[in-house]
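Subject: Structure handover

Hello,

Here is the structure for you to look over. My notes follow it.

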Amino acid sequence: MSDPNTLDRDVLAPYLEAEVPGFSGLETIEKFKAGQSNPTYLLTAQSGRYVLRAKPPGQLLKSAHQVDREYRVMKALAGTAVPVPRMLHLAPEESPIGRMFYLMEFMEGRIFWDPALPEASSNDERAAIYDAMNATLAALHDVDVEAAGLADYGKPGNYFERQLARWTSQYRASETGGIADMDRLIAWLETHMPADDGIVSLVHGDYRLDNMIFAPDRPQVLAVLDWELSTLGHPFSDIAYQCMQWRLPHQSGFRGLGGIDRAALGLPSEEAYVAAYCRRRGLQEIPRWTFFLAFSFFRLAAICQGVYKRALDGNASNPEKARMYGEAVKLLSHLAAELIDKDK
């Protein structure tokens, strides 16, 4: 049985040569191992190297895997203070591979898969990498969405209410068994929902270290990747989501910062990271931090449940790794349950 994620070079090559200016001589297609949601490929051609990102094959959850949104937002951010790859082509659902995909430039650089940064040259470089990541997040939330042509990129109203409803629905649609912590977390979020404060910005939705490309020789962010979950929303969702990294255990599939001596490595504390973000954006503090963190754990758990369900259905981009996500849902909801218990 052939892999449904395999792309046919002979079918794809003439299409790209016809649609992408300058593209010629497709030689190899290599699927990246990383990336659970949308399968991503390195294309090597006589004209250079490219990255192709596609919807996964098979039956998909409604509103998931919107690669066209990724393409649109990265194209809109070109020329802003937020670094992104150059977008080259968006193919429709009726493409030669039978699903929507986009093509972008390949960027040479470093991707850090371990947030402890063991490959960094010094504590100073580790600190600088985290500071660059922090500065890029602040720049993202300062983007003028109207000037970027993204004023209609999200719905009006309370972002957290919309997101809670969306991800609760997605979670229930992909549920494979009852998880008491998850049920309690959903109920807690519903009863502790903050009032809409009217703050709206572009949000990434999956802002973390391994969704960025850093320069090969300096602590500079060259590109922010994986914009599938981006929308117009509340900026506190991004900073809280990233700060889960400090709480997730390092000895787990998430490779968080929990359980390691961060100070000895030159890494900032969660409090220092949030304070730096607040300084950059002219904020005194982030109120109701527990809610934003708990919400982030919930949403990631709901996403992991969807990956796990796709693995069971045979549609996951990386089936073996995806099955681990079933246990991840339990871990995330348990950590969130501990968090809300301490807030009583």
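The notes below cover helices, salt bridges, open and closed spaces, and backbone angles.

This is a predicted model, in which local features need pLDDT of at least 70 and side-chain atom pairs count only at pLDDT 80 or more, while totals for chains, interfaces and linings use all residues. Residues are numbered from 1 along each chain as its sequence is written, and side-chain values use heavy atoms, with hydrogens and water left out.

**Helices**

Start with helix α10, residues 325-342. It has 18 residues and reaches 26 Å from first C-alpha to last. That is close to the 26 Å expected at 1.5 Å a residue; the expected span is 1.5 Å times one less than the number of residues. Which residues of α10 are buried? They are Tyr325, Gly326, Ala328, Val329, Leu332, Ser333, Leu335, Ala336, Ala337, Leu339 and Ile340. Buried means under 20% relative accessible area, exposed means over 50%, and partly exposed is in between (1.4 Å probe, protein chains only). As background, an α-helix has 3.6 residues a turn, so residues three or four places apart point the same way.

Next, Thr136. This residue sits in helix α3 (residues 123-141). Thr136 counts as buried because its relative accessibility is 9%. Beyond its neighbours within four places in sequence, Thr136 is in contact with Pro83, Tyr207, Val221 and Val224. Contact means heavy atoms within 4.5 Å.

Ser174 belongs to helix α4. Its relative accessibility is 1%, so Ser174 counts as buried. Leaving out residues up to four places away in sequence, Ser174 touches Gln305, Gly306 and Lys309.

**Salt bridges**

The whole structure holds 18 salt bridges. The criterion is a side-chain nitrogen of Lys or Arg within 4 Å of a carboxyl oxygen of Asp or Glu. Side chains of opposite charge can pair when their charged atoms come close.

- Arg110 and Glu125: their closest N and O atoms are 3.2 Å apart. The pair links distant parts of the chain, 15 residues apart, with Arg110 in the loop between β5 (101-105) and α3, and Glu125 in helix α3. Both Arg110 and Glu125 are buried.
- Arg172 and Asp183: here the closest N and O atoms are 3.0 Å apart. Arg172 lies in helix α4 and Asp183 in helix α5 (residues 180-191), so the pair ties together parts that are 11 residues apart in sequence. Arg172 is partly exposed, with a relative accessible area of 37%. Asp183 is partly exposed too, at 34%.
- Arg208 and Asp206: this salt bridge is 2.6 Å, N to O. Arg208 is partly exposed, at 26% relative accessible area. Asp206 counts as buried, at 9% relative accessibility.

There is also a network. Salt bridges that share partners join Arg53, Glu70 and Asp226.

**Pocket and cavity**

Both are found on a 1 Å grid over the protein atoms alone. A cavity is a set of points where a 1.4 Å probe fits but cannot get out. A pocket is an open set with protein on both sides within 12 Å along at least five of seven lines. Lining residues have an atom within 4 Å of a point. Points are joined across faces, edges and corners, and volume is the space filled by probe spheres set on them.

The second largest pocket has a volume of about 370 Å³. Its lining has 15 residues, and Lys155, Arg162, Gln163, Arg166 and Thr231 lie nearest the centre. Helix α4 (residues 159-174) gives the largest share of that lining, 4 residues. The lining divides into 3 nonpolar, 6 polar and 6 charged residues. Ala, Val, Leu, Ile, Met, Phe, Trp, Tyr, Cys and Pro count as nonpolar, Asp, Glu, Lys and Arg as charged, and the others, Gly among them, as polar.

How many cavities of 30 Å³ or more are there? The count is 1. The largest cavity has a volume of about 30 Å³. Pro115, Tyr130, Met133, Leu209, Gln242, Gln245 and Trp246 line it. That lining is 5 nonpolar, 2 polar and no charged.

**Backbone angles**

Most residues other than glycine have a negative phi. Arg255 has a positive phi of about 50 degrees. Arg255 is in the loop between α6 (235-243) and α7 (270-281), and is partly exposed at 34% relative accessible area. Arg288 has a positive phi of about 55 degrees. Arg288 is in the loop between α7 and α8 (289-313), and counts as partly exposed at 43% relative accessibility.

Best wishes

Technical notes
Helix = DSSP H or I, 4+ residues; strand = E, 2+ residues; numbered from the N terminus.
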